[in-house]
Amino acid sequence: MRYSLGHNKRPCDRAGPVAADQLTHAASELNPDDQPPRDGESYKVVHRTRVAVKKARAALRLVEHADPAAAARAHQHLREISHALAGTRDHDAVLELVAWLLKHEARTNPERRALRSLADAHRCTVDPSPDELARLSHELEQEADRIER
């Protein structure tokens, strides 16, 4: 997960804005133009959001020595937001793994039935509601504002 802080800037001058930009991007991914993601696309949005939050936390680690208490609060808040989205991504990862296993490893009918049953159980899980995504998007925007200050 590489990204540039800028060539002529010291990391401590650029890490905050880079982290804030990542969080603003993550917020817009979760709730673009106040429209929830279409059915079946929320896992992609959640994945991109979690990646952006990870990048923001990595940028914050560069300058956490400047204000350890504020950095700890930001890391904790971002961790909570990321964990709130983890279930959706986990279900998607399980479905990807099950599809691969069905294609490459399932050799007997009982194995295929068990994998299909597992996939069906994971497909029945509920994606985060549009209200939950909007709330998390708002929290990411607030955190971006705090980091920029």
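Alanine 106 counts as buried, because its relative accessibility is 11% and buried means under 20% relative accessible area, with exposed meaning over 50% and partly exposed in between (1.4 Å probe, protein chains only). Alanine 106 sits in the loop that joins helix H3 (68-104) to helix H4 (109-123), where helices (H or I, at least four residues) and strands (E, at least two) are DSSP runs numbered from the N terminus. When residues up to four places away in sequence are not counted, alanine 106 touches Leu101, Glu111, Arg112 and Leu115, a contact being heavy atoms within 4.5 Å.

## Basis of the model

This is a predicted model, in which local features need pLDDT of at least 70 and side-chain atom pairs count only at pLDDT 80 or more, while totals for chains, interfaces and linings use all residues. Residues are numbered from 1 along each chain as its sequence is written, and side-chain values use heavy atoms, with hydrogens and water left out.

## The chain as a whole

The protein chain contains five helices and zero strands, and its pattern, read along the sequence, is α-α-α-α-α. Of the 149 residues in the protein chain, 35% are buried. Among contacts in the protein chain with a separation of 6 or more, 72% are made by residues 24 or more positions apart.

The accessible surface of the protein chain is about 9,400 Å², and carbon and sulfur atoms account for 50% of that surface; accessible areas come from the Shrake-Rupley method with a 1.4 Å probe, and for residues only the protein chains shown count as cover.

In soluble globular proteins, nonpolar side chains tend to be buried together. Here the largest nonpolar core has 23 residues, and those with the most contacts inside it are Leu23, Leu30 and Leu140. At least two residues of this core come from each of helix H1 (11-30), helix H2 (42-63), H3 and helix H5 (130-148). A nonpolar core is a set of buried Ala, Val, Leu, Ile, Met, Phe, Trp, Tyr and Cys residues joined through side-chain atoms within 4.5 Å.

## Salt bridges

The structure holds four salt bridges, each being a side-chain nitrogen of Lys or Arg within 4 Å of a carboxyl oxygen of Asp or Glu. One of them joins the side chains of arginine 107 and glutamate 105, at 3.5 Å from N to O; arginine 107 counts as exposed because its relative accessibility is 59%, whereas glutamate 105 is partly exposed, with a relative accessible area of 36%.

In helix H5, glutamate 139 and arginine 135 are separated by about one helical turn, because they are four residues apart, and the closest N and O atoms of their salt bridge are 2.3 Å apart. Glutamate 139 is buried, at 17% relative accessible area, while arginine 135 is partly exposed at 38%. Glu132, Arg135 and Glu139 are linked in a network of salt bridges. Also in helix H5, arginine 146 and glutamate 143 lie three residues apart, about one turn of the helix, and their side chains meet in a salt bridge of 2.9 Å, N to O. Arginine 146 is partly exposed at 42%, whereas glutamate 143 is buried at 5% relative accessibility.

## Histidine 75

Histidine 75 lies in helix H3 and counts as buried, because its relative accessibility is 7%. Apart from its neighbours within four places in sequence, histidine 75 is in contact with Arg57, Leu60, Arg61 and Glu64.
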